[in-house]
Amino acid sequence: MVLHLPFRAGRLHLNHRIVMAPLTRCRAHPETLAPTSGTAAYYRERATGGGLLVTEAIHVSAEGTPVWDIYDSVRINGGHVTGLWTDEQERCWSVVVDAVHDRGGRISCQLLHAGRVAQPGIARHPLVADSGLPVPTVSSSAKPLSADAGAGDYGWDDTAVIPRALDTSEIGRVVDDYRAAAARAVRAGFDAVEIHGAHGYLIDQFLCDGVNQRADCYGGSMENRCRFLFEVVDAVVAEVGDGRVGVRLSPLISQGDPAFGHAFFGATCTDPEVTYGHAVSGLNERPLAYLLLTEPRVGGLLGGPDDPLPPLRNSRYREIYSGALIGAGGFSPASAALAVESGAYDAIAFGRWFLANPDFVDRIAQGLPLNVYDRSTFYGLGPDGGEDPGYLDYPTWEMIQGGVPSRYSLVAQEQIGVRLPAASRCEASAVDRQ
Ligand SMILES: Cc1cc2nc3c(=O)[nH]c(=O)nc-3n(C[C@H](O)[C@H](O)[C@H](O)COP(=O)(O)O)c2cc1C
């Protein structure tokens with residue numbers, strides 16, 4: 001099967017084309033914001049020989065770190081995201097990397113600065129409060145998140161702070177935060193570093209003119225709005241080396257396309273094809289490992305399994321980008337195989353199905369049914385403050401066959417469209433688009 005053919009992404013020689021997409025789980029150690037032994041077990045069980053896992057978004061600085069209390073599960077039970085700006089965080093990530101390498105897997109470290117999505121909750125965390133650091137929420141411009149601008153109905157209009165627009169003289173410092181975190185990623189042993197330039201976070205807040213209203217050389221023309229992305233990429237490549245840096249982008253689509261309407265955290269853009277076209281052309285000139293693109297259809301996850309598969313919408317970028325191209329967003333095993341066969345993508349990153357199936361790669365190879373994911377446990381700790389349920393309790397097929405009890409239902413792979421099986425239909429929201 002085509003998904004099980006080897007491919008090369010820069011310096012990464014991979015044995016198959018089923019990538020684990022970055023998935024924030026909010027299960028960091030509550031004091032250190034480092035990954036735990038549970039995190040190592042979670043990635044370890046998903047590792048396969050020569051297969052690529054991308055980590056959850058790992059934050060480059062306290063300033064760029066969100067507290068996800070817009071989600072009920074986090075607000076009620078607690079749960080933080082991880083960072084990579086302290087020695088302890090670096091040490092604990094190296095334990096995760098070792099666990100993946102033990103099984104012959106490869107792991108790419110996704111680096112994120114959330115910009116205005118990092119509301120000031122983190123400032124109350126002891127790691128930050130005691131450090132004396134000022135942690136204002138920053139962005140390209142002083143434009144707050146708001147439901148009207150499509151940032152999702154999370155009560156932003158009552159709670160969102162107005163971010164501080166980064167001063168031109170400060171941008172080098174933020175670029176250096178990415179570089180420093182990338183240096184830590186190299187020391188922790190990661191095989192690659194992925195720059196999260198997607199989904200309405202800081203880099204996207206520079207790319208999109210709905211947020212970026214700067215008058216300096218980082219705003220205005222598409223060249224200027226792409227400048228911050230390229231500066232981050234160049235700094236990280238210089239630190240990590242050629243062929244070891246990936247970038248994630250989520251190109252939007254223009255008004256007039258039926259899928260129009262999904263702007264990630266309100267990052268709207270009046271000329272998306274032009275802006276992202278320029279961004280992808282610039283990335284094509286750089287020695288990357290891969291480019292990971294989110295399909296804009298990712299927002300449309302409601303409906304039944306028989307609904308037709310919406311067409312892929314990122315094909316224009318395939319014509320621009322000649323390196324390894326990975327697609328993500330709403331793929332079933334069958335539609336992923338078609339996308340690779342057609343040449344649209346070299347590999348597919350799966351999110352929710354990989355989250356719910358530790359042995360996902362084997363289950364695809366053998367056509368076995370999949371555990372259906374439980375959205376209520378995507379983010380945050382359990383009611384007892386522990387990591388489970390929903391983290392390490394998804395059984396492998398072997399466990400199911402051995403009679404280990406499972407609270408998850410199963411779905412045949414053929415029943416999965418781009419949409420959820422009817423049995424687990426529930427409201428899709430911005431959570432699936434992080
Ligand atoms: C629980 C959850 C957490 C996510 N966290 C991240 C993240 O940290 N970084 C990122 O780039 N995308 C994140 N995403 C988006 C996924 O990488 C992926 O694009 C999305 O799940 C759609 O793919 P799927 O249909 O295969 O699930 C997240 C999605 C989910 C469901």
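This is a predicted model: local features need pLDDT of at least 70, side-chain atom pairs count only at pLDDT 80 or more; totals for chains, interfaces and linings use all residues.
**Ligand site**

I started with the ligand and looked up its neighbours. The shell around the ligand holds 20 residues, and T24, R248, G330, G351 and R352 come nearest. I then sorted that shell by class: nine residues are nonpolar, eight are polar and three are charged.

For R352, a side-chain N or O atom sits 2.5 Å from an oxygen atom of the ligand. Q110 also uses its side chain, with a polar atom 2.9 Å from a ligand oxygen. A57 works through its backbone instead: an N or O atom there lies 3.2 Å from an oxygen atom of the ligand. How much of the ligand does the protein bury? Taken alone, the ligand exposes 610 Å², and 99% of that is buried by the protein.

**Nonpolar cores**

I moved on to the nonpolar packing. The largest core has 110 residues, and W68, Y178, F228, L229 and L249 have the most contacts inside it. Which helix gives this core its largest share? That is helix 8, residues 222-240, with 10 residues.

Leaving out residues up to four places away in sequence, F228 touches I171, V174, V175, Y178, L202, I203, F206 and Y218. There is also a second, separate core of 17 residues, with V19, L52, A347 and A349 among them.

**R46**

I wanted to know where this arginine sits. R46 is in helix 1, which covers residues 37-46. Is R46 buried or exposed? R46 counts as buried because its relative accessibility is 0%, and the cut-off for buried is under 20%.

I then checked what the R46 side chain reaches, and found the backbone oxygen of L355 at 2.5 Å. Beyond four places in sequence, R46 touches M20, L53, R103, F354, L355, P358, Y391 and Y394.

**A188**

My last entry is on A188, which lies in helix 6 (residues 171-188). At a relative accessible area of 4%, A188 is buried. I looked for partners from elsewhere in the chain: A188 touches E90, W93, S94 and V97, not counting residues up to four places away in sequence. I also checked the backbone spacing for one of these pairs. W93 and A188 are 95 residues apart along the chain, yet 6.2 Å separates their C-alpha atoms.

Technical notes:
Residues are numbered from 1 along each chain as its sequence is written. Side-chain values use heavy atoms; hydrogens and water are left out. A residue is near a molecule or strand if one of its heavy atoms lies within 4 Å of it. A polar contact is a pair of N or O atoms within 3.5 Å; within protein, one must be able to donate a hydrogen and the other to accept it, and residues adjacent in sequence count only if both atoms are side-chain atoms. Accessible areas come from the Shrake-Rupley method with a 1.4 Å probe; for residues, only the protein chains shown count as cover. Ala, Val, Leu, Ile, Met, Phe, Trp, Tyr, Cys and Pro count as nonpolar, Asp, Glu, Lys and Arg as charged, and the others, Gly among them, as polar. A nonpolar core is a set of buried Ala, Val, Leu, Ile, Met, Phe, Trp, Tyr and Cys residues joined through side-chain atoms within 4.5 Å. Buried means under 20% relative accessible area, exposed over 50%, partly exposed in between (1.4 Å probe, protein chains only). Helices (H or I, at least four residues) and strands (E, at least two) are DSSP runs, numbered from the N terminus. Contact means heavy atoms within 4.5 Å.
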